[in-house]
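Subject: Handing over the structure

Hello,

Here is the structure I promised to pass on to you. Please have it open while you read, and my notes on it follow below.

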Amino acid sequence: MMRTYHCFWLLFWAGQPHQSFLTLLSKRTSGFPEKEKVLVLSGNSRKDFSRSKRSWMWNQFFLLEEYTGSDYQYVGKLHSDQDKGDGSLKYILSGDGAGDLFIINENTGDIQATKRLDREEKPVYILRAQAINRRTGRPVEPESEFIIKIHDINDNEPMFTKDVYNASIPEMSDVGTFVVQVTATDADDPTYGNSAKVVYSILQGQPYFSVESETGIIKTALLNMDRENREQYQVVIQAKDMGGQMGGLSGTTTVNITLTDVNDNPPRFPQSTYQFRAPESTPPDSPIGRIKANDADVDENAEIEYSITEGDGYDMFGIITDKDTQEGIVTVKKALDFENKNLYILKVEATNTHVDPRFLYLGPFKDSATVRIQVDDVDESPVFSRPAYIIEVKEDVPINSIIGTVTAQDPDAVKNPVKYSVDRHTDMDRIFNINSGNGSIFTSKPLDRETLLWHNITVIAAEINNPKQSSRVPVFIKVLDVNDNAPEFPMFYETFVCENAKAEQLIQTLSAVDKDDSFSGHQFSFSLAPEAVSSSNFTLQDNRDNTAGIFTRKTRYNRHEMSTYLLPVVISDNDYPIQSSTETVTIRVCACDHRGKMLSCNAEALIHPTGLSTGALIAILLCIIILLVWLLVTVVLFAALRRQRKKEPLIISKEDIRDNIVSYNDEGGGEEDTQAFDIGTLRNPEAIDDNKLRRDIVPETLFMPRRTATARDNTDVRDFINQRLKENDTDPTAPPYDSLATYAYEGNGSVAESLSSLESVTTEGDQDYDYLSDWGPRFKKLADMYGAMDSDKDS
């Protein structure tokens with residue numbers, strides 16, 4: 001049993017430590033040199049693959065990071081109890097970084113690191129070791145796993161999460177007020193030593209601020225920091241590892257701290273008294289000056305409200321706040337008058353609109369100043385005693401009667417005299433006039449209320465010494481009514497009475513209108529004219545309601561004896577003085593049926609009152625006559641224009657009198673027209689009728705046409721044209737310019753005669769087209785076509 005289990009033993013390296021390692025220890029750590037580490041493997045020597053009890057004396061290695069030596073860094077040694085030292089075993093290594101980062105001596109089992117290791121990149125490496133028979137390649141030990149841990153060194157300085165921090169706090173904050181918290185991290189191992197233990201400290205920013213060493217919280221350290229004295233602070237914070245001990249690495253960051261404003265400063269006027277001048281002609285709501293109280297605060301804490309608290313011009317002036325500039329604008333509320341008062345003294349107060357109760361102990365947040373306003377005298381326009389005048393006058397007032405007076409005075413101390421005039425743009429008809437000296441308005445034309453009730457004129461008052469100084473005032477003149485119009489019929493009354501009418505029959509109801517006004521209402525009375533009372537065939541009954549009725553006095557009327565009655569009616573009003581008028585009612589006698597419906601009135605039809613009146617018929621007749629006259633004038637003008645158009649000269653263009661084409665604008669009358677052009681005259685000039693003249697124009701001078709020789713029937717076209725050309729050249733009646741003459745001459749005819757089928761007396765089948773071949777090459781195509789047709793028929 002003792003041979004079955006072999007002990008694991010560990011050999012410690014007693015030789016000289018590695019130079020580079022010792023050098024590293026001297027720089028990074030303060031400890032003893034690392035002894036040689038041997039990992040011993042054990043197994044059953046008789047049965048290579050039988051299960052055997054084995055244990056590790058050392059199952060992990062430790063290496064320091066950031067090795068800087070020139071040789072490989074020694075890690076440790078693997079050894080198996082099956083190794084007899086005869087070189088029959090071979091050590092192999094697998095796992096993280098095996099063969100690249102870690103290599104093993106297959107004979108001795110020594111493990112070395114070939115590169116610099118960084119714990120922050122990978123802190124632990126897991127590898128597997130095994131011893132195999134070099135000859136057979138079979139393992140003599142089962143594969144075993146071990147760990148290489150990288151020991152940390154302090155090679156990373158603390159890093160802040162931000163390069164620059166920005167923070168703000170209100171000014172006048174208490175000591176210990178939180179500002180901001182900064183944070184720094186260290187990449188080193190926090191579980192190994194103090195490499196990652198960070199401590200904060202302040203390098204710049206004292207004595208205004210402080211920082212907590214463990215948390216990085218920055219707080220105020222000074223009482224009553226005033227933004228108006230200093231607004232920006234720059235604080236530098238340091239984070240150092242190793243717990244802040246000597247030799248630790250550190251990093252810094254900058255914190256920009258701004259003090260925000262609070263309302264801790266009241267407004268203050270830079271001067272106690274302000275002087276302004278304003279001319280007395282300054283219109284209301286006009287600014288005359290600005291004042292400003294200074295406030296060291298900003299934004300809403302510097303907003304100021306201005307007000308007038310007291311003074312003798314409290315009701316004459318006002319002050320408003322300019323929100324953009326925080327200035328107080330002094331304005332005029334009422335019209336100024338130098339003659340009444342020329343100096344005003346005001347007390348103006350400036351107050352903060354947003355007051356912070358925490359700082360009321362600093363004093364009242366308002367200030368006051370005195371404003372003196374001097375009113376300057378100016379040459380003012382005359383001032384009327386009223387802003388407008390209303391005058392009432394009766395319409396029957398005589399011409400040149402004074403109807404009212406306007407008054408204006410110069411408000412200046414010198415009291416310049418004033419002259420008056422009427423603005424004629426407001427009185428185009430010159431109905432009114434004014435006395436230029438005393439302002440009395442009088443009429444210059446009669447007034448008529450029924451024509452115009454109100455007259456609105458404008459009166460001008462100007463200084464005599466300086467007419468530019470003038471003012472205007474409206475004058476409203478109301479024309480009062482007097483009873484100067486008699487009542488009258490509202491329309492022309494024309495009615496009828498039936499021949500078979502009965503006595504006391506109502507045939508028409510009358511009413512009246514009056515152009516005058518009546519405050520109590522019009523009351524009209526109706527009666528027959530005195531001359532018609534006894535002789536009239538009709539009676540009039542006043543209904544006492546401003547209407548009256550016409551009644552028949554007798555039974556039956558005869559239109560052949562009397563076709564029309566004119567009944568005079570007197571209409572009176574009850575105003576003073578009483579006005580009356582006599583109106584006439586036309587009554588026609590008409591034939592009616594048994595129901596009283598009108599049939600006819602004499603020889604002319606009577607238009608029912610609901611139809612067209614006599615005046616309307618006359619108007620229609622006049623319109624028809626005017627229309628007929630207009631049509632007649634139009635026809636005459638049209639005929640004159642056509643006659644003038646026929647006299648137009650042959651030459652259309654005035655610029656060029658050569659090479660023109662004569663246009664007659666005459667199409668001819670066809671075959672039945674024997675008065676137009678006779679083609680026979682072209683061949684026989686003797687056929688020209690001496691009495692026939694040109695029909696297109698009226699000649700100015702009559703020339704006898706020259707007789708030309710008769711052309712022979714066999715005359716060639718060229719000879720014919722030359723002959724006619726020679727005749728025109730010597731003809732004194734020909735136009736004095738070149739013209740185009742159309743002769744319509746065909747010549748003697750063609751040998752081919754006519755090709756028209758209209759003259760053919762035979763059928764298509766009887767036609768013989770062989771003669772087409774004799775006509776020459778021009779008819780060859782035609783001869784081939786008809787020759788082919790004959791061949792088809794024969795076949």
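This is a predicted model: local features need pLDDT of at least 70, side-chain atom pairs count only at pLDDT 80 or more; totals for chains, interfaces and linings use all residues.

You will find Val235 in strand E16, which covers residues 232–240. Leaving aside residues up to four places away in sequence, Val235 touches Ile202, Gln204, Gly205, Phe209, Thr253, Thr254, Val255 and Ile257.

The average pLDDT of the protein chain is 78, and 76% of the residues score at least 70. Two stretches call for a separate mention. Over residues 700–705 the pLDDT stays under 50, and the model has 3 contacts for them beyond four places in sequence. Residues 759–764 also have a pLDDT that stays under 50, with 5 contacts beyond four places in sequence.

Now the chain as a whole. The protein chain contains 6 helices and 41 strands. Of its 795 residues, 35% are buried. The chain exposes about 49,800 Å², and carbon and sulfur atoms supply 52% of that area. If you take the contacts between residues at least 6 apart in sequence, 67% join residues at least 24 apart.

Which strands make it up, and in what order? It is an open sheet of 4 strands in the order E26-E33-E32-E29, with mixed pairing. Strand E26 (389–394) and strand E29 (418–422) stand at the edges; each has a single partner strand, so one side of each is left without a neighbour in the sheet. From one strand to the next, the twist averages 30 degrees. E26 and strand E33 (residues 470–480) run parallel and are joined by 6 bridges. To see one of these pairings, look for Ile390, whose bridge partner in E33 is Phe476.

Next come some backbone details in the loops. Gln206 and Pro207 are joined by a cis peptide bond, with omega about 5 degrees. Pro207 lies in the loop between strand E13 (199–204) and strand E14 (209–211). There is also a cis peptide bond between Tyr576 and Pro577, where omega is about -10 degrees. Pro577 belongs to the loop between strand E39 (564–572) and strand E40 (580–592).

Two residues have a positive phi although neither is a glycine. For Met172, phi is about 65 degrees, and this residue is in the loop between strand E10 (164–170) and strand E11 (178–181). Asn224 has a phi of about 60 degrees and is found in the loop between strand E15 (217–220) and E16, the strand that holds Val235.

Asn224, with a relative accessible area of 40%, is partly exposed.

I hope you enjoy exploring it.

Best wishes

Key. Residues are numbered from 1 along each chain as its sequence is written. Side-chain values use heavy atoms; hydrogens and water are left out. Helices (H or I, at least four residues) and strands (E, at least two) are DSSP runs, numbered from the N terminus. Buried means under 20% relative accessible area, exposed over 50%, partly exposed in between (1.4 Å probe, protein chains only). Contact means heavy atoms within 4.5 Å. Accessible areas come from the Shrake-Rupley method with a 1.4 Å probe; for residues, only the protein chains shown count as cover. Two strands pair if DSSP finds at least two bridges between them. Axes are lines fitted to C-alpha atoms, for helices over the stretch in contact, and angles run from 0 to 180 degrees between N-to-C directions. pLDDT is the predictor's confidence in each residue, from 0 to 100.
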